[in-house]
Amino acid sequence: MKTLNPKIDKSSKVIAIEGLKKAFDDFEVLKGVDLELYQGENLVVLGRSGTGKSVLIKIIAGLLRPDEGMINVLGQEVDRLTPKELDRLRLKIGFSFQNSALYDSMTVYENLEFPLVRHMKELGKADRDRSIEEVLEAVGLSQSINQMPSELSGGQRKRIGIARTLILRPEIMLYDEPTAGLDPITSMDINNLINEVQRRFNTSSIIITHDLTCARAVGDRVVMLLDGQFQRQGTFDEVFATTDERVKAFYNYNFID
Amino acid sequence: MDRIFMELASIYAFVARFFREVFVPPYEFREIIRQCYEVGVRSLPLISLTGFIIGIVFTNQSRPSLADLGATALLPALISVAIVRAMAPLVTALIASGRVGSGIGAELGSMRVTEQIDAMEVSATNPFNFLVVTRVLATTLMIPALTMYTTFVALMGGFVNVSQNELTSLTTFFTQVFDAITFLDIISSSVKSVIFGFTIGMVGCYKGYNSSKGTEGVGKAANSAVVTAMFLIFIEELLILQVVNALRGI
């Protein structure tokens, strides 16, 4: 079980969502979601596949538009921003995709250089190289700098994906199923990396997962998404101390050591 | 019917977005050069082989008809007109549709389904500018260049055949070639290849950028990019021919 991060500042909300609704055709995925993320906090959103967890963080990052509701990120309402304002906000948000989404025609170095060249134009090549070495060292993959994404394992791809988001020093990290498809040991490495990122870069994070081991290892707070709404929230133990059969079933079908 | 109109509106919006963004910085020069290399230089082996063979085959097939009229001396002029006016732009565009258009469709389709395009967007990089504008510019610039190259290679194929059978010298051959074509032929061929290049890039990007439904969608995007581009190229060829004929007063 993770010890609570002492740096969490409950007086400072970095994300506040109220009454968020989203439907695809006739299927209502999110039915009025309220959520708050505090400065320095790791918040885990648990739920079964297809319950709208990924939709939630895609709306936060401005990749999808909500049907209803208010989404405030770092003091700005995401769906009211102009494209330029949204881009400026996105520089403060790191998004780690489920399948890493590395640019497969580029080497690891080029993947990491890509955002730097576009958004930190003041940096010379030597400074860019230093930044790239630093994030690669942070994710423990300095030796992979010249490899192509196709030459990396699933766990390594996840790490490079996280490194690419860290290179712009985001204030908020959004992780979409960070341990999906990984073996238990690699999953544990990724969990440790998420905690390390929180400590070292002082980020606030939302972690989308259905992996209870991951939720327990990284979550300062856990919320459970059921039927398009958050049904439970609190620490990991508080969430699962319930008689709700749906929550108990979710717990019982996951492996907990 | 609704779906057709929705698709047309979507195509219109995509093309309009290209013209809106092509003049807006940042200009991705490095990516444009990389794409020009992909489209132009890497197509050279296939274009060379195809162009040369077409030159030989067309010359060989035309000879008996001209021989019946006792006019084999007109072979260089006939080859020249056919290749410059129609065959080189069309063959280059069709080969590029297959090689480049499908490649763009598959690449962007794969980037869409593996969320690489979303990854660019969330890192505040305009994926349309980086992926679409660069590729469409590359095909629009390189297809005319490839067409000129195909023209030269096909004429060389024709020369090889003519020199073996009619013992015509290179100087005589090319003197007849240039005598037979007009300025309008060269201009119409160039304009046509610019339009073909734009079509190939735009169709490939549109199909790939808007693909969905996983790996099946990627295959469909690549396939559809080729079929649609080829269809449009033939339609454009027909329309441009009408315009050029009108200019010639035919």
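Me: What should I know about numbering and cut-offs?
Reply: Residues count from 1 along each chain as its sequence is written, and chains are lettered from A in the order in which they are written. This is a predicted model, where local features need pLDDT of at least 70 and totals for linings use all residues.

Me: What volume does the second largest pocket have?
Reply: About 420 Å³. A pocket here is an open set of points on a 1 Å grid over the protein atoms alone, where a 1.4 Å probe fits, with protein on both sides within 12 Å along at least five of seven lines; lining residues have an atom within 4 Å of a point. The volume is the space filled by probe spheres set on the points, joined across faces, edges and corners.

Me: Which residues are closest to its centre?
Reply: Met106(A), Arg118(A), Arg30(B), Glu31(B) and Phe130(B), of 19 lining residues.

Me: Which helix gives the largest share of the lining?
Reply: H3(A), with five residues. Helices are DSSP runs of H or I, at least four residues, and strands are E runs of at least two.

Me: How do the lining residues divide?
Reply: Eight nonpolar, one polar and ten charged. Asp, Glu, Lys and Arg count as charged; Ala, Val, Leu, Ile, Met, Phe, Trp, Tyr, Cys and Pro as nonpolar; the others as polar.

Me: Switching to strands. In what sense do S1(A) and S2(A) pair?
Reply: Antiparallel, over ten bridges; pairing takes at least two DSSP bridges. Lys13(A) stands opposite Tyr38(A) in S2(A).

Me: What about the turn?
Reply: Two residues lie between the strands of this hairpin, and Asp25(A) in the turn has a positive phi of about 55°.

Technical notes:
This is a predicted model: local features need pLDDT of at least 70, side-chain atom pairs count only at pLDDT 80 or more; totals for chains, interfaces and linings use all residues. Side-chain values use heavy atoms; hydrogens and water are left out.
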